[in-house]
Amino acid sequence: MTTYDLTTFGEAQIRLTVEKGNRLATCQQLRLTPAGSEANVAGLLSQLGRKTAFASSVPHGGLATRFMNEYRSVGVDLSHVVRTDDGRMALYFMEPGEYPLPAKVTYDRMYTKFREITPETFDWDALLDTQVLFVTGITAALTESTAETVTYAVEEAARRGVKVALDVNYRSLLWTPERARSVLEPLIDKVSILFCSRLDGIKVLGAEGDGPTVNAELHRRYGVDHVVSTDQISGVYYSGLQGQQSFAVEPVPVVDRPGAGDSFVAGTLHGYLNDDVLAGIGYGLRTSKLALTHHGDLTHVTPAELELPTSTDIVR
């Protein structure tokens, strides 16, 4: 029996969002919300009844307290977060954009303590007392040191028989496709479930074709138990031990977009932890739609809401 269902680590961030209809250069106020891809996945899974833990390195201070309160409030174990007396919180600014102006992200995350982490920073005996270790390309992209730590964590998890989930989650503002491939591809043979969008499969891993083709190619090439590929609103595709399947994506009105992809991953992992990735993709499609209905990177949801009918009636 393991202590956790899922553990993960990543950079704790604060998002500062411009109100729709404004630009960063001219806005008068910003909405502050905690953020972090790995923390978002742990946070949603915790709300679905899973035991999760998130590790990071954050300074003392009000912004870090705001982050810690957000994820602790939904049940994520933050006891493995390393607190420092100096340093700063990572920030990012978002302009939501309205057609024809695309959304724009501006990172302010240099010189954080998290960028200095090494494999020795965390207690792996505790963090790998888990069914699944979840890692992302975002953390690997930050510095040579964070890439080394992701590599160590995946290799150590595999050595101990812990399942590994990897989300490629390529960010062009953080690293090049060539660098991403050189770091992530050697890890894939230790991965049990791989999340890689069609575009990431093309840009980073050199696949070609439409969504189903890229998804099937990644599964054929790497032999991962489960490969899940998103393709924006065109569909979601699966290849793996449960066969091959495509899923339709229902476009919905967007209140706030960041975090929806993390919600999809978390929902899918909820099914994976029950040995049913296909059911998990169904959960993920629902959680990602719910994520778009409210502000914040962390999706707030209950298990009962995953079964809600598509109605705007008040639930009384």
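A cavity, on a 1 Å grid over the protein atoms alone, is a set of points where a 1.4 Å probe fits but cannot get out, and its lining residues have an atom within 4 Å of a point; a volume is the space filled by probe spheres set on the points, which are joined across faces, edges and corners. The model on screen is predicted, with local features needing pLDDT of at least 70 and side-chain atom pairs counting only at pLDDT 80 or more, while totals for chains, interfaces and linings use all residues. Residues are numbered from 1 along each chain as its sequence is written, and side-chain values use heavy atoms, with hydrogens and water left out.

**The cavity**

Select Glu 11, Ala 12, Ser 57, Val 58, Pro 59, Arg 88, Met 89, Ala 90, Thr 112, Lys 113 and Phe 114, which line the largest cavity. About 40 Å³ of space lies inside this cavity, and a search of the whole structure finds one cavity of 30 Å³ or more. Strand β5 (residues 57-59) gives the largest share of the lining, three residues; strands here are DSSP runs of E with at least two residues, and helices are runs of H or I with at least four, numbered from the N terminus.

**The aromatic pairs**

Next, show the rings of Phe 9 and Phe 122, whose centres are 5.9 Å apart with planes at 50°, so the pair is tilted (rings of Phe, Tyr and Trp, the last by its six-membered ring, pair if their centres lie within 6.5 Å; planes under 30 degrees apart count as stacked, over 60 as edge-to-face and the rest as tilted). Phe 9 sits in strand β1 (residues 4-9) and Phe 122 in the loop between β8 (104-108) and α3 (124-127), 113 residues apart. Phe 9 counts as buried at 1% relative accessibility, and Phe 122 is buried at 6% (buried means under 20% relative accessible area, exposed over 50%, and partly exposed in between, with a 1.4 Å probe and protein chains only).

Finally, colour the eight strands that form an open sheet in the order β4-β1-β9-β10-β11-β12-β13-β14, with mixed pairing (two strands pair if DSSP finds at least two bridges between them). At the edges stand β4 (52-55) and β14 (243-247), each with a single partner strand, so one side of each is left without a neighbour in the sheet. Within the sheet, β1 runs parallel to β9 (residues 130-136) and is joined to β9 by four bridges; Thr 7 has Leu 133 in β9 as its bridge partner.

Notes:
On a 1 Å grid over the protein atoms alone, a cavity is a set of points where a 1.4 Å probe fits but cannot get out, and a pocket is an open set with protein on both sides within 12 Å along at least five of seven lines; lining residues have an atom within 4 Å of a point.
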